[in-house]
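Me: I would like to go through this model term by term and ask what each label rests on. Please set the values against the definitions.

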Amino acid sequence: MYKHINKKIFTIGISILVALLPELGMAAESDYPVKPVKLVMPFPAGGAGDILARIMAEGLSKEWQQPVIVENKPGASGMIGNEFVAKSTPDGYTLLMAITQTVQAPALLKKIPYDITKDFTPLRRVADALFLFVTTDPEIDSLQKYVELAKKAPGKYSYGTYGAGTSAHIYAEMFNRMNGVKAVHIPYKGAAPLLQDMLGGHVTLSFVDMSTALPHVRSGKVQTYAVVSDKRVSVLPNVPTFTEQGFVGMDLVGWYGMFAPAGLPADIAQKIRASIDKVLNSSETQKKISEIGLFPAVGVPEDFGVRIQTDLKKWKSLIDGAGIKIEE
């Protein structure tokens with residue numbers, strides 16, 4: 001008899017627990033976060049993206065009253081860190097600060113260890129990253145002059161980039177091909193060695209992200225032809241866009257954005273998005289982001305998932321048109 005009673009009690013207990021699970025789950029999710037959150041930056045410490053991640057981590061830590069810890073996982077053009085997040089538990093405690101490379105890579109590489117459209121939950125675009133077309137050659141004083149001289153002497157001019165398949169490489173090849181220019185590509189392992197060689201006169205042309213180029217532009221060590229944007233920027237009001245100078249198609253801006261693994265509960269995703277919005281709308285955060293040469297993505301939040309899909313198509317079209325492929 002006791003066995004029968006114990007079995008019945010056990011069955012009732014399990015039934016009650018099962019019935020309560022959804023409510024318990026909702027309570028846990030509504031309390032998010034209840035422990036430290038990891039924000040993965042898939043590139044080395046010290047760069048603009050790393051500083052941006054730390055700015056956002058500081059703001060979110062204050063908002064959530066929980067530590068948000070930036071963890072650098074560099075390598076394979078960001079894919080090591082991206083893959084780590086893609087394969088993490090979708091509970092909101094592992095997030096990613098990614099760059100435009102995530103939507104460029106599928107057009108450049110045959111094998112990627114994750115699918116940007118299936119393995120991530122897009123959260124929010126955080127900042128835009130504008131590029132400048134710069135030179136250290138005093139002979140080339142305008143875009144028109146560069147195109148004119150380069151057409152007359154194919155292969156004479158060289159341009160440096162952060163590496164094959166980077167935004168700097170894509171922008172340069174786009175511009176050169178659209179204007180019938182043949183120039184020599186010199187890839188570097190990052191922005192620092194590229195700028196060092198530019199200032200040393202070993203390479204004279206490059207597309208450089210504004211956060212890296214700005215100090216050298218302001219000091220007069222490099223000259224700027226144009227900004228990759230659909231409008232001029234307030235920090236360099238005298239620098240025109242490509243379109244203003246008659247060169248269309250050079251206005252696709254790069255970005256930094258935050259992601260979580262796929263399968264993140266909708267209410268946690270919404271809470272994270274709301275928190276990111278609140279941090280970004282802070283004048284203190286906007287000032288810090290602007291100071292590193294990035295542009296806070298403020299205003300009406302877009303559907304970041306839709307933006308990802310649109311950018312995948314745009315970058316594929318541009319990369320295929322420029323004929324850029326990376327040998328694996």
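Me: What makes the largest pocket a pocket, and what is its volume?
Reply: The largest pocket has a volume of about 1,100 Å³. On a 1 Å grid over the protein atoms alone, a cavity is a set of points where a 1.4 Å probe fits but cannot get out, whereas a pocket is an open set with protein on both sides within 12 Å along at least five of seven lines. Grid points are joined across faces, edges and corners, and the volume is the space filled by probe spheres set on the points. The model is predicted: local features need pLDDT of at least 70 and side-chain atom pairs count only at pLDDT 80 or more, while totals for chains, interfaces and linings use all residues. Residues are numbered from 1 along each chain as its sequence is written, and side-chain values use heavy atoms, with hydrogens and water left out.

Me: Which residues line the largest pocket, and which lie nearest its centre?
Reply: The lining has 41 residues, and Phe43, Ile99, Tyr162, Ala191 and Tyr256 lie nearest the centre. A lining residue has an atom within 4 Å of a point. Two or more residues each come from helix H2 (48-64), helix H4 (101-108), helix H6 (167-178), helix H7, helix H8 (210-219) and strand S10 (254-261). Helices (H or I, at least four residues) and strands (E, at least two) are DSSP runs, numbered from the N terminus.

Me: How are the residues of that lining divided by class?
Reply: There are 24 nonpolar, 14 polar and three charged residues. Ala, Val, Leu, Ile, Met, Phe, Trp, Tyr, Cys and Pro count as nonpolar, Asp, Glu, Lys and Arg as charged, and the others, Gly among them, as polar.

Me: What is the volume of the second largest pocket, and how does its lining divide?
Reply: Its volume is about 250 Å³. The second largest pocket is lined by 13 residues, with Asp128, Ser229, Asp230, Lys231 and Val253 nearest its centre. By class, four are nonpolar, two polar and seven charged.

Me: What is the strand order in the open sheet of five strands, and why do S7 and S9 count as edges?
Reply: The order is S7-S6-S8-S5-S9, with mixed pairing. Strand S7 (184-187) and strand S9 (223-227) each have a single partner strand, so one side of each is left without a neighbour in the sheet. Two strands pair if DSSP finds at least two bridges between them. Strand S6 (residues 158-161) and S7 have four bridges, in the parallel sense, so they pass that cut-off of at least two. Within S7, Pro187 is the bridge partner of Thr161.

Me: How do you know that helix H5 packs on this sheet?
Reply: Helix H5 (residues 143-152) touches strand S5 (131-135), strand S8 (205-209) and S9, where contact means heavy atoms within 4.5 Å. The direction of H5 makes about 100° with that of S9. Axes are lines fitted to C-alpha atoms, for helices over the stretch in contact, and angles run from 0 to 180 degrees between N-to-C directions. Helix H7 (residues 191-199) also packs on the sheet, touching S5, S6 and S8, at about 140° to S8.

Me: Which residues of H5 are buried, and what does that word require?
Reply: Leu143, Tyr146, Val147, Leu149 and Ala150 are buried. Buried means under 20% relative accessible area, exposed over 50%, and partly exposed in between (1.4 Å probe, protein chains only). The buried residues of H5 pack against S5, H6, S8 and S9.

Me: Why is Gln65 called exposed, but Ser77 partly exposed?
Reply: Gln65 has 66% relative accessibility and therefore counts as exposed. Ser77 has a relative accessible area of 48%, so Ser77 is partly exposed. Gln65 lies in the loop between H2 and strand S2 (68-72), and Ser77 in the loop between S2 and helix H3 (79-86).

Me: What makes the phi of Gln65 worth a remark?
Reply: Most residues other than glycine have a negative phi, and most peptide bonds are trans. Phi of Gln65 is near 55°, a positive value, and phi of Ser77 is also near 55°. As for peptide bonds, a cis one joins Tyr32 and Pro33, with omega about -5°.
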